[in-house]
Amino acid sequence: MLVIGIAGGSGSGKTTVVRAITKQLTGKVVVVPQDSYYKDSSHLPMEERHKINFDHPDAIDWKLMCQQIRELRHGKTIEQPVYSYITCSRSQTETVTVEPAEVIIIEGILIFTCKELRDQMDIKIFVDADDDDRLMRIIVRDIAERGRTISSAIDHYTETVKPMHLQFIEPSKRYADIIVPQGGHNQVAIDIIATTIEKAMSKIK
């Protein structure tokens with residue numbers, strides 16, 4: 001089993017890279033997104049939930065995430081939480097059943113900030129992208145998926161996303177084994193990563 005961490009700033013193209021790598025791998029792959037492990041805020045009034053800083057490490061339930069990655073590594077099936085950005089809360093009735101696989105990909109903006117989680121990764125990849133490109137993707141995503149207006153999306157980027165990126169995410173790049181510039185558009189890097197993973201898997205087998 002190989003555990004791969006794919007980090008990078010919001011809107012950097014992590015999901016595109018994950019999909020591209022997964023498509024090229026021959027073995028079974030499961031993806032564990034950091035976003036599923038935001039702490040439950042259902043006990044807070046809605047007004048307070050909307051003030052949560054989702055780009056800060058304190059927003060993540062690292063204890064549960066690390067525990068479930070360990071369980072997958074030991075061949076156990078997990079019940080992954082389901083988190084909604086709309087309600088800013090974790091589902092109390094619904095989970096996603098995730099079974100162990102040859103390759104486990106952990107994906108998220110903050111995953112390299114947690115040492116306990118980093119230590120479980122065999123390969124760490126950081127997806128890099130220009131700030132302007134990330135901003136445009138964030139605006140499009142926030143309007144389509146999170147109910148924000150153009151104005152509120154820009155404000156959110158300026159007040160939260162950018163400062164948190166500079167404080168936590170950009171510095172975590174130093175932990176990466178591989179840095180992918182140009183996000184998901186760097187096909188050469190994706191091909192090299194896929195080949196590296198296949199070679200690592202062959203050694204394990």
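**Helix packing, aromatic rings and charged pairs**

What covers the buried residues of helix α1 includes the strands β1 (2-8), β2 (29-33), β5 (103-107) and β6 (123-127), together with helix α7 (187-204). The model is predicted, so local features need pLDDT of at least 70 and side-chain atom pairs count only at pLDDT 80 or more, while totals for chains, interfaces and linings use all residues. Residues are numbered from 1 along each chain as its sequence is written, and side-chain values use heavy atoms, with hydrogens and water left out. Helices (H or I, at least four residues) and strands (E, at least two) are DSSP runs, numbered from the N terminus. Covering, like touching, refers to contact, which means heavy atoms within 4.5 Å.

Which residues of helix α1 are buried? Helix α1 spans residues 14-24, and its buried residues are Lys14, Val17, Val18, Ala20 and Ile21. Seen down the axis of α1, these residues fall within an arc of 170 degrees, so they line one face of the helix. The arc is that of the directions from the helix axis to the C-beta atoms. On the other side of α1, Arg19 and Lys23 are exposed. Here buried means under 20% relative accessible area, exposed means over 50%, and partly exposed lies in between (1.4 Å probe, protein chains only). As a general principle, an α-helix has 3.6 residues a turn, so residues three or four places apart point the same way.

Strand β1, one of the elements that cover α1, contains alanine 7. Alanine 7 counts as buried because its relative accessibility is 0%. Leaving aside residues up to four places away in sequence, alanine 7 touches Lys14, Gly108, Ile111, Phe112, Ile125, Phe126 and Val127. Lys14 in this list is also among the buried residues of α1. Alanine 7 and serine 172 are 165 residues apart in sequence, whereas their C-alpha atoms are 8.7 Å apart in space.

The aromatic residues come next. A pair of aromatic rings is described by the distance of the centres and the angle of the planes. Rings of Phe, Tyr and Trp (its six-membered ring) pair if their centres lie within 6.5 Å; planes under 30 degrees apart count as stacked, over 60 as edge-to-face and the rest as tilted. The whole structure holds three aromatic pairs. The rings of tyrosine 38 and phenylalanine 54 have centres 5.0 Å apart and planes at 85 degrees, so this pair is edge-to-face. Tyrosine 38 lies in the loop between β2 and α2, and phenylalanine 54 lies 16 residues away in the loop between α2 and α3 (62-73). Tyrosine 38 counts as buried because its relative accessibility is 2%, and phenylalanine 54 counts as buried at 11%. The rings of tyrosine 38 and tyrosine 83 have centres 5.5 Å apart and planes at 50 degrees, so that pair is tilted. Since tyrosine 83 lies in strand β3 (residues 78-84) and tyrosine 38 in the loop between β2 and α2, the pair ties together parts that are 45 residues apart in sequence. Tyrosine 83 is buried, with a relative accessible area of 12%. Tyr38, Phe54 and Tyr83 form one aromatic cluster.

The charged residues complete the picture. Side chains of opposite charge can pair when their charged atoms come close. A salt bridge is a side-chain nitrogen of Lys or Arg within 4 Å of a carboxyl oxygen of Asp or Glu. The whole structure contains 12 salt bridges. One of them joins glutamate 99 to lysine 28, with the closest N and O atoms 3.6 Å apart. Glutamate 99 lies in the loop between β4 (89-98) and β5 and lysine 28 in the loop between α1 and β2, so the pair ties together parts that are 71 residues apart in sequence. Glutamate 99 is partly exposed at 44% relative accessibility, and lysine 28 is partly exposed at 41%. Aspartate 142 forms a salt bridge with arginine 148, the closest N and O atoms being 3.0 Å apart. Aspartate 142 is buried, with a relative accessible area of 0%, whereas arginine 148 is partly exposed at 24%. Asp128, Glu170 and Lys173 are linked in a network of salt bridges.

Where is arginine 49 placed? Arginine 49 is in helix α2 (residues 46-49). Arginine 49 is buried yet has no salt bridge, and the nearest side chain of opposite charge, aspartate 40, is 7.0 Å away.

Note on methods: Lys, Arg positive; Asp, Glu negative; His and termini not counted.
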